[in-house]
Amino acid sequence: MVELIAVYGPTATGKSAAAIELAQALDGEVISCDAMQLYRGLPILTNQPTAEQLALVPHHLVAVWPLDHEGSVAEYGATARAAVDDVVGRGRTAILCGGSGLYMRAALAPLDLPPPPRSGVRERFDRLYEERGAEATHKLLAYRDPRAAAAIHHNDRRRVVRALELTEAGSSLTPDEDTLWNPPQARPAAMFGLRVDAETVRVRIATRTREMFDRGVEGEVRAALAKPLSSTARHIHGLQDLAALLAGEISRDDAIDRLDARTRQYAKRQRVWMRRLPELRPVETVAEMLAEVAR
C-alpha cells in the first residue's frame with residue numbers, strides 16, 4: 001500500500017469528497033493543495049471543507065494563513081512536505097488534494113523556483129494593471145518577456161502581474177529550460193486526476209456559485225475587505241467581483257454571472273494542468289483509485 005496519494009482535478013469534480021472517502025478507506029489524513037483555501041476568513045468563497053467534512057477525517061493546511069500573509073509556493077511546499085512526513089510518520093496514509101497544480105507539485109517535490117521579488121514590485125504592477133488596463137499592461141509584458149506574454153491571456157490579471165514581477169528579478173514565468181515538472185519526488189506517490197465531463201462540471205459550477213450567495217458569501221467578503229489584505233490574498237478567486245458588488249458597481253446577478261464565468265475559465269486552465277502533471281492517472285471513481293493503490 002502506498003503512503004502518499006495525490007488527488008487532482010478541475011474545480012467542481014468532487015475532489016474533496018473523493019479525498020475524504022480515500023482517507024476513510026485507508027486510515028488517512030487529507031492535506032490541502034489549494035492556494036486560496038490556505039487563507040482564513042473566506043471559507044465560502046474559497047470553498048473550504050465544511051465542518052461536517054472536517055469532522056470525518058483530519059485535514060491539514062486549511063485556513064492556516066491570515067489574510068494579510070504574503071504566501072508563496074516555496075513556503076507552502078515546505079509546509080506541505082512536512083505535513084506529509086508527519087502523517088506518514090504516524091503510520092497513516094497522506095492524501096494530497098486540490099486543484100492548484102503548482103502547489104500540488106510543490107507538495108510532492110522541492111521545485112526550482114524563481115527568486116522572490118523585491119518588496120513592492122507586485123503592488124506596483126498590480127496598480128498598473130488597475131490604472132492602465134489589461135491590454136496596456138499585457139503589452140508591457142510582451143515587450144519585456146514575449147514568450148510569457150504569448151502564453152498568458154491579457155485578462156489573466158494574476159499571471160500577467162506575476163510575469164512582470166519576475167522580469168524585475170531577471171526571471172521568467174516561461175523559462176528556456178522548464179525544470180518544474182521533472183524534479184525527483186520527496187517520496188513515491190500515486191497521483192490521480194479526477195475526470196468529469198465538461199457539461200457536468202459546468203452545471204455543478206453554476207449550482208455552487210448560487211449556493212455561495214445563499215450561504216452568505218457577501219457577508220464574509222465584506223468582513224474580509226475591512227481587514228488588511230496581502231497581495232496574494234487579493235487575488236483570491238472571485239474576491240474582486242464581490243468587492244464590486246458590495247461597492248454598488250454591479251448587481252447581484254452580475255456578480256453571480258461573473259463568478260460563474262471566471263470559475264468555468266479556471267476549470268479549463270486546470271484541465272490543461274492535468275496534462276502537465278507527470279505520473280497522473282485519469283480516473284472517474286474512488287473505487288478505481290483504491291484498486292490501483294491495492295496492487
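Tyrosine 76 and tyrosine 103 are both buried, where buried means under 20% relative accessible area, exposed over 50% and partly exposed in between, with a 1.4 Å probe and protein chains only. The model discussed here is predicted, with local features needing pLDDT of at least 70, side-chain atom pairs counting only at pLDDT 80 or more, and totals for chains, interfaces and linings using all residues. Residues are numbered from 1 along each chain as its sequence is written, and side-chain values use heavy atoms, with hydrogens and water left out.

The count of aromatic pairs comes to two, a pair being rings of Phe, Tyr and Trp (its six-membered ring) whose centres lie within 6.5 Å, with planes under 30 degrees apart counted as stacked, over 60 as edge-to-face and the rest as tilted. Tyrosine 39 and tryptophan 65 form an edge-to-face pair, at 5.5 Å centre to centre and 70° between the planes. This pair links distant parts of the chain, 26 residues apart: tyrosine 39 sits in the loop between strand 2 (28-32) and helix 2 (51-56), and tryptophan 65 in the loop between strand 3 (59-60) and helix 3 (73-89). Helices (H or I, at least four residues) and strands (E, at least two) are DSSP runs, numbered from the N terminus. Both tyrosine 39 and tryptophan 65 are buried. Tyrosine 76 and tyrosine 103 form a tilted pair, with 4.8 Å centre to centre and 40° between the planes. Here too distant parts of the chain are linked, with tyrosine 76 in helix 3 and tyrosine 103 in helix 4 (residues 101-108), 27 residues apart.

Helix 4 deserves a further look. Seven of its eight residues are buried, so helix 4 is largely enclosed by the rest of the structure. The buried residues are Gly101, Tyr103, Met104, Arg105, Ala106, Ala107 and Leu108. These buried residues of helix 4 pack against strand 1, helix 3, strand 4, strand 5 and helix 12 (252-276), with contact meaning heavy atoms within 4.5 Å.

Six strands form an open sheet in the order 3-2-4-1-5-6, and the pairing is parallel; two strands pair if DSSP finds at least two bridges between them. Strand 3 and strand 6 (280-283) stand at the edges with a single partner strand each, so one side of each is left without a neighbour in the sheet.

Strand 1 (residues 4-8) is mostly covered, with five of its five residues buried. Leu4, Ala6 and Tyr8 point one way from strand 1, Ile5 and Val7 point the other way, and all are buried. Strand 1 pairs with strand 4 (residues 93-98) in the parallel sense over five bridges, and cysteine 97 of strand 4 is the bridge partner of valine 7. With strand 5 (residues 190-194), strand 1 runs parallel and is joined by four bridges. Alanine 6 has methionine 191 of strand 5 as its bridge partner, while valine 7 stands opposite phenylalanine 192 in strand 5.

Strand 5 has five of its five residues buried, so strand 5 is largely enclosed by the rest of the structure. Four bridges connect strand 5 to strand 6 in a parallel arrangement, and methionine 191 stands opposite leucine 280 in strand 6.

Serine 32 stands opposite cysteine 97 in strand 4. Glycine 28 is found in strand 2 and, at 1% relative accessibility, counts as buried. The C-alpha atoms of glycine 28 and isoleucine 95 are separated by 6.7 Å, although the residues are 67 apart along the chain. Not counting residues up to four places away in sequence, glycine 28 touches Ala23, Val57, Pro58, Arg92 and Thr93.

For the chain overall, there are 13 helices and six strands. The radius of gyration is 19 Å, close to the 19 Å that the globule rule gives for 295 residues, so the chain is as compact as a globular protein of that length; the radius is taken over C-alpha atoms, and the rule is 2.2 Å times the number of residues to the power 0.38. Along its principal axes the C-alpha trace spans about 55 × 45 × 35 Å. Buried residues make up 47% of the 295 residues. Of the contacts with a separation of 6 or more, 78% are between residues 24 or more positions apart.
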